[in-house]
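User: I have a structure here and would like to work through it step by step. Can you take my questions one at a time?

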Amino acid sequence: MSRLKALIRPSVRCIVHRRYCSTERVTNALVTEYRNDIFEEEKRRQQGMVRRLEKIEVVHVGPNDPGTFIMNKNLSTPYHCAMHISENYTKYSALALVNGEPWDMWRPLTEDCELSFMRFRDEDPEEANKAYWRSCALILGAVMETAFKDTFYVQLSRAPELTIIKGMFVYDVDLGLKNWTATKDNLRSLSLSATTMKSKDMPFERLEVDPSVALRLFQHNQYKQREVEERVRGGRVTLYRMGKFIDIHDGPMMSKSSLVSMFTVAGIHELPGGLYRVQAVALPHDFYLHNSVWNRLVKRASVPLVGDLSTAGAEESLRETRSLAA
Amino acid sequence: MRLSLMLLITHGKRQRKLGGGKPQRLNILRRVVTGLVRHERIESTYAQCDEAQFYAEKLIDYAKLGNTNAGAMRIADYWITEKDLIPKLFETLAPRFTNYDGRYCRLHRLPVTTQNTRDMAVLEYKGNPYPSLRPTPKNHPNSIANILVEGLRQDYEKKMEIDLKEESAT
């Protein structure tokens, strides 16, 4: 197993890689490998903790295909239940509702419950829409981490949560560059990178970890470490992995990256603090918009959004007020 | 050939020849219209339904005059062969179409199959109690595509407001 020991002096940025036994600079590729190793280790450890296979009864309460499933506690996910029903459920369900609560498709079920699946074309797809917008921001982060050459070390800062009617989702990134403007070709290649992620059909795996593990995982990214401290819920922190990209977020994500149909990076502009704000807009599968309409949406999304959109605190207060009202 | 082309030219005649002769044509259409008044949705040949539609709608126009009107009662008496339906026409159907915009009837063509090569159609009065034959298009106001386009529309409206204010200011 590889171990990257980052030296404390940030100016030197030398890493001793046990596997290669050489000093290498911090690059996104190495950092991704390191993060994946820790993620895999933690995932295996958590799976190892499930000593006995207990069974739970999951009742499907959707409008069609009624049934009860006997699934494994803490191992089976709504995606596995969908596999038992039909392929359409696996391909097109965006989000699962467990006892009415939004639940990731790849999150293990913990007790007897009622399950239903949400699609983008439902009567009330609000939760699926929000999950979609969050997941697209994640995909954008993945794109930014892998887009640049090795000579540039990209650190993702934060993906502020925006409403869909704003017409864009956003990721703040530390590129380590000054006065850089993206050309049209740059934006096009970023969009293409996102489209390849969509065609790879990668699931959004979820893992709840201890904050210390998360801090170790995000060792090479100060912004993410700060975010870990902000996003602690009940002494745990939620990590999401799509392919090789790992990020931290609370909310449920959609099931797979193949649920995107169009993804266009609209613009990148520099913020006062030196970070760059990447703005993009994406459309889910099964929705078709004419070229002219899509171009207008992209144009609207390319209008630079300035200001501190950090809503981690605001989201928390929203959730509190909602739980108080309920 | 010259002869067959002359057979196709109608010289402005809009009526089909049904049944062979004018009284037979009207008898057929009376039966269709009576069936329509009784069931409010009937299936017949496309030619008969198409011809009957005009008379079925005219019948409603006359029935709107009220059953005290002698002319309307005469028309209804001629066209409806089963006399128990005359009250239904004046009391149920005519009031339904008082403030109607457009036609009172709807004509759907049925698919022609190898088993049934006859051009069949369904003629129905609008507002009938049966479930609709055509699927109602589903609107998805809360879908992402619609929300995004709604955002565009709101931006446009704001821009229009600003433009109007500027115009009124100058």
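User: How many bridges join strand β4 of chain A to strand β5 of chain A?

Analyst: This is a predicted model. In it, β4 of chain A covers residues 55-60 and β5 of chain A covers residues 67-72. The two strands run antiparallel. A:Glu57 stands opposite A:Ile70 in β5(A). The number of bridges joining the strands is six.

User: Which residue takes a positive phi in the hairpin of β4(A) and β5(A)?

Analyst: Look between the two strands. The hairpin has six residues there. One residue takes a positive phi near 50°. That residue is A:Asp65.

User: Which side chain meets A:Glu54 in a salt bridge?

Analyst: A:Glu54 sits in the loop between α1 (28-48) and β4 of chain A. Its partner sits in the loop between β5 and α2 (78-85) of chain A, 19 residues apart from A:Glu54. The N to O distance is 3.6 Å, which falls within the 4 Å cut-off for a salt bridge. The partner is A:Lys73.

User: How many salt bridges does a search of the whole structure find?

Analyst: The search runs over all chains. The pair of A:Glu54 and A:Lys73 meets in a salt bridge. The total is 38.

User: Why is one side of β9 and of β14 in chain A left without a neighbour in the sheet?

Analyst: Start with the strand order, which is β9-β10-β15-β14 in an open, antiparallel sheet of chain A. β9 (155-158) and β14 (260-270) stand at the edges, so one side of each is left without a neighbour. Neighbouring strands of this sheet are turned by 35° against each other on average, direction ignored. The reason asked for is that each edge strand has a single partner strand.

User: Which residue in β15(A) stands opposite A:Val173?

Analyst: Strand β10 of chain A spans residues 169-174, and strand β15 of chain A spans residues 276-284. They pair in the antiparallel sense over five bridges. The residue opposite A:Val173 is A:Tyr276.

User: Which residues in chain B lose the most area to chain A?

Analyst: The contact takes 13 residues from chain B and 21 residues from chain A. The area buried between the chains is about 1,400 Å², and carbon and sulfur atoms give 74% of it. Three residues together make up 44% of what the chain B side buries. They are B:Ile144, B:Leu148 and B:Leu152.

User: Which side chains meet in the salt bridge across the interface of chain B and chain A?

Analyst: The rule finds one salt bridge across this interface. It also finds three residue pairs in polar contact. The chain B side that touches chain A divides into six nonpolar, five polar and two charged residues. The salt bridge, at 2.6 Å from N to O, is between A:Arg300 and B:Asp155.

Notes
Residues are numbered from 1 along each chain as its sequence is written. Chains are lettered from A and ligands numbered from 1 in the order in which they are written. This is a predicted model: local features need pLDDT of at least 70, side-chain atom pairs count only at pLDDT 80 or more; totals for chains, interfaces and linings use all residues. Side-chain values use heavy atoms; hydrogens and water are left out. Contact means heavy atoms within 4.5 Å. Buried area is the accessible area (1.4 Å probe) that two parts lose on being put together, summed over both. A polar contact is a pair of N or O atoms within 3.5 Å; within protein, one must be able to donate a hydrogen and the other to accept it, and residues adjacent in sequence count only if both atoms are side-chain atoms. Ala, Val, Leu, Ile, Met, Phe, Trp, Tyr, Cys and Pro count as nonpolar, Asp, Glu, Lys and Arg as charged, and the others, Gly among them, as polar. Two strands pair if DSSP finds at least two bridges between them. Helices (H or I, at least four residues) and strands (E, at least two) are DSSP runs, numbered from the N terminus. Axes are lines fitted to C-alpha atoms, for helices over the stretch in contact, and angles run from 0 to 180 degrees between N-to-C directions.
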